[in-house]
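Please keep the sequence and the model in view while reading.

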Amino acid sequence: MNAAQQIAEPLDGTTAPPKTRGTTSLVMGVLAVVLFLCPWLPETVSHWIRFLPVYFVVPTAIGAVVSGAFALRRMRGDEGADHRRARAGLTLGTVVLVASLAVLLWAYWALNQAYS
């Protein structure tokens, strides 16, 4: 018996650990939240570190939503699958997208009021 068979078939009768699909979605969701919060770093931090990541917030959040939706669709009907990572990534990506849209609408409104 080789090592791969031992991992696939545990001898003590326990079940195999759940599949870890959805990890990409979770990582991208957390990264989107971190990128979204970069402008609120202290002013002692370089402007490049504070404002350059803002350009990657929406693509990263969209990636988290899409990969989470695909992972949940692939796990549909699988009883042993762990849906939490995919749902967390999907949720974080959606929250960041909505927050980004709210900030853009607020900026548009504020600039419109300032120049009217």
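## Ala64 and its surroundings

Apart from residues within four places in sequence, Ala64 is in contact with Ser25, Met28, Gly29, Gly89, Leu90 and Gly93. The model in which these contacts occur is a predicted one. Ala64 itself is located in helix 4, and it counts as buried because its relative accessibility is 0%, where the limit for a buried residue is under 20%. Between Ala64 and Gly22 there are 9.3 Å from C-alpha to C-alpha, although the two residues are 42 positions apart in sequence. Thr94, which belongs to helix 5, is 8.3 Å from Ala64 by the C-alpha to C-alpha distance and 30 residues from it in sequence. Thr94 is partly exposed, with a relative accessible area of 38%.

## The chain as a whole

The chain contains five helices and zero strands, so that its elements, read from the N terminus, follow the order α-α-α-α-α. Of the 116 residues in the chain, 23% are buried. Among the contacts with a separation of 6 or more, 70% are between residues 24 or more positions apart.

| Helix pair | Angle | Axis distance | Handedness of crossing |
|---|---|---|---|
| Helix 2 and helix 4 | roughly 155 degrees | within 8 Å | left-handed |
| Helix 2 and helix 5 | about 30 degrees | 7 Å | left-handed |

Helix 2 comprises residues 23-37, and helix 4 comprises residues 57-75. The axes of these two helices cross at roughly 155 degrees and come within 8 Å, which makes helix 2 roughly antiparallel to helix 4. On the side of helix 2 the contact is made by Thr24, Ser25, Met28, Gly29, Leu31, Ala32, Leu35 and Phe36, and on the side of helix 4 by Val57, Thr60, Ala61, Gly63, Ala64, Ser67 and Gly68. By class, the residues of this contact are eight nonpolar and seven polar, with no charged residue.

Helix 5 covers residues 84-114. Its axis is 7 Å from that of helix 2, and the two helices pack at an angle of about 30 degrees; helix 2 and helix 5 are therefore roughly parallel to each other. The residues of helix 2 that meet helix 5 are Thr23, Ser25, Leu26, Gly29, Val30, Ala32, Val33 and Phe36, while helix 5 contributes Arg85, Ala86, Ala88, Gly89, Leu90, Leu92, Gly93, Val96, Ala99, Ser100 and Val103. Here the contact has 12 nonpolar, six polar and one charged residues.

Which residues does Ser100 touch, not counting residues up to four places away in sequence? They are Phe36, Val57 and Val58. Ser100 is found in helix 5 and counts as buried, because its relative accessibility of 9% lies under the 20% limit.

Phe36 is also buried, having a relative accessible area of 18%, whereas Trp40 is exposed, at 59%. The count of aromatic pairs comes to one. This pair is formed by Phe36 and Trp40, whose ring centres are 5.6 Å apart and whose planes are 50 degrees apart, and it is described as tilted. The reason for that description is that an angle between planes under 30 degrees would count as stacked and one over 60 as edge-to-face, with the rest counted as tilted.

Is Pro39 buried or exposed? With a relative accessible area of 19%, Pro39 is buried, since the term applies to values under 20%. Pro39 has its place in the loop between helix 2 and helix 3, the latter being residues 47-51. Leaving out neighbours within four places in sequence, Pro39 is in contact with Arg50, Phe51 and Val54. For one of these, Phe51, the C-alpha to C-alpha distance to Pro39 is 5.6 Å, across 12 residues in sequence.

Terms used. Residues are numbered from 1 along each chain as its sequence is written. This is a predicted model: local features need pLDDT of at least 70, side-chain atom pairs count only at pLDDT 80 or more; totals for chains, interfaces and linings use all residues. Side-chain values use heavy atoms; hydrogens and water are left out. Helices (H or I, at least four residues) and strands (E, at least two) are DSSP runs, numbered from the N terminus. Buried means under 20% relative accessible area, exposed over 50%, partly exposed in between (1.4 Å probe, protein chains only). Contact means heavy atoms within 4.5 Å. Axes are lines fitted to C-alpha atoms, for helices over the stretch in contact, and angles run from 0 to 180 degrees between N-to-C directions. Angles under 35 degrees count as roughly parallel, over 145 as roughly antiparallel, 65 to 115 as roughly perpendicular and the rest as oblique. A crossing is left-handed if the near helix is turned anticlockwise from the far one by less than a right angle, and right-handed if clockwise. Ala, Val, Leu, Ile, Met, Phe, Trp, Tyr, Cys and Pro count as nonpolar, Asp, Glu, Lys and Arg as charged, and the others, Gly among them, as polar. Rings of Phe, Tyr and Trp (its six-membered ring) pair if their centres lie within 6.5 Å; planes under 30 degrees apart count as stacked, over 60 as edge-to-face and the rest as tilted.
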